[in-house]
Structures are given as structure tokens and as C-alpha cells.
Amino acid sequence: MTTANWSTQDTQVGPFTAVVAADGAVLASGWTSDVDELIPVISLSLRPADLREKRDLGDVTAAVHRYHRGEFDAVDPIVVRQRSGEFLGHTWDVLRTVPAGKSVTYTELAALAGRPDAVRAAASACARNACALFVPCHRVLRVGGAMGGFRWGIDVKRRLLAHEHPA
């Protein structure tokens with residue numbers, strides 16, 4: 001039986017909840033106060049049998065607060081754990097290399113992931129990303145700069161990009 005901890009933190013973008021495995025790896029996260037929204041996005045093979053609310057998730061909580069204070073690289077060393085096919089997993093790793101203040105298109109993401117013709121698969125990696133913020137799919141835009149989709153809403157995506165690209 002696996003147990004994971006979860007916590008919701010207030011941020012200037014809105015409530016942010018993370019589900020963290022016993023070893024500290026983020027299993028799911030996003031801008032919601034409802035942990036039940038996160039459980040379905042965790043791979044069945046990783047889904048915890050038991051969830052416990054904790055006020056502080058240690059390094060994860062600290063990184064969330066630091067990021068929202070403008071220390072964008074604070075989330076980079078946080079371990080995430082997601083499972084899917086080889087290309088999606090690789091694309092999530094590639095997404096973690098896109099620095100704050102830089103955006104890429106879905107086409108560029110596919111090329112960075114080594115499959116320039118797999119634009120739909122790159123978009124699917126963003127859509128299926130369970131570890132928002134730590135795997136920064138909000139930094140991916142449509143060709144021409146349109147926002148594209150975002151699980152946590154276009155307004156949240158817009159606010160995150162504005163936070164990372166101060167005028």
C-alpha cells in the first residue's frame with residue numbers, strides 16, 4: 001500500500017496543490033485547491049492507495065513559494081515521477097530544459113524532442129503532463145504566439161508567462 005502526501009499553498013496565481021510520493025517525488029500538481037482533480041492524472045501504476053494532507057511538503061513547498069517570488073529555477077531540482085510511453089516521457093524531460101522567460105511552440109518542442117513531425121504527440125505530452133510547474137508545459141505556445149490549451153486555464157497560463165516575462 002502506497003501513501004502520498006498532499007498540500008495546497010496559496011500563490012498570487014491561485015491555490016496550488018501538489019501530491020508527493022513518500023520519497024519526495026511530485027506525482028501531480030496544479031493550480032487547484034481540490035486534490036481530487038489531481039488524482040486522475042496520476043498514472044495508475046503510480047497512483048497512491050492512501051493520501052494524507054500535510055501543511056508543508058518540505059522542498060516542494062519551498063520551491064513553489066520561491067518560484068512564485070520570482071526564483072524561477074527553484075523548481076528545477078525537484079524530482080517528478082510520471083509514466084507513459086517513451087516519447088511522452090522524453091518530451092516531459094525536454095520540457096524541463098525550457099528555461100523561464102523563454103517559450104517554445106509545439107512544433108519546436110517536437111523538434112527538441114527529436115521527432116519534428118510529431119507535433120500532435122508533443123501537444124499530447126503537454127495535455128497529459130501531471131506535474132504542472134515542475135514540468136513547465138505553460139511555456140509552450142502555438143505557432144504565432146497564441147496560448148493554446150492549458151489544464152489549469154488560459155488565464156493561469158497567461159499569468160505564469162507574464163510572471164516569467166516581466167515587462
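This is a predicted model: local features need pLDDT of at least 70, side-chain atom pairs count only at pLDDT 80 or more; totals for chains, interfaces and linings use all residues.
Student: Why are strand 3 (26-30) and strand 4 (50-53) said to stand at the edges?

Tutor: The open sheet holds four strands in the order 3-2-1-4, with mixed pairing. Strand 3 and strand 4 each have a single partner strand, so one side of each is left without a neighbour in the sheet. Direction ignored, neighbouring strands of this sheet are turned by 20 degrees against each other on average.

Student: Which strands does helix 1 (residues 59-68) touch as it packs on the sheet?

Tutor: Helix 1 touches strand 1, strand 2 (16-21) and strand 3, and its direction makes about 150 degrees with that of strand 2.

Student: Why is helix 2 called roughly perpendicular to helix 4?

Tutor: Helix 2 (residues 86-95) and helix 4 (residues 119-127) pack at an angle of about 70 degrees, with their axes 9 Å apart. Angles of 65 to 115 degrees count as roughly perpendicular, and therefore helix 2 is roughly perpendicular to helix 4.

Student: Which residues meet where helix 2 packs against helix 4?

Tutor: From helix 2, Phe87, Leu88, Thr91, Trp92 and Leu95 meet Ala121, Ala122, Ser124, Ala125 and Cys126 of helix 4. By class, this contact has eight nonpolar and two polar residues, and no charged ones.

Note on methods
Residues are numbered from 1 along each chain as its sequence is written. Side-chain values use heavy atoms; hydrogens and water are left out. Axes are lines fitted to C-alpha atoms, for helices over the stretch in contact, and angles run from 0 to 180 degrees between N-to-C directions. Helices (H or I, at least four residues) and strands (E, at least two) are DSSP runs, numbered from the N terminus. Angles under 35 degrees count as roughly parallel, over 145 as roughly antiparallel, 65 to 115 as roughly perpendicular and the rest as oblique. Contact means heavy atoms within 4.5 Å. Ala, Val, Leu, Ile, Met, Phe, Trp, Tyr, Cys and Pro count as nonpolar, Asp, Glu, Lys and Arg as charged, and the others, Gly among them, as polar. Two strands pair if DSSP finds at least two bridges between them.
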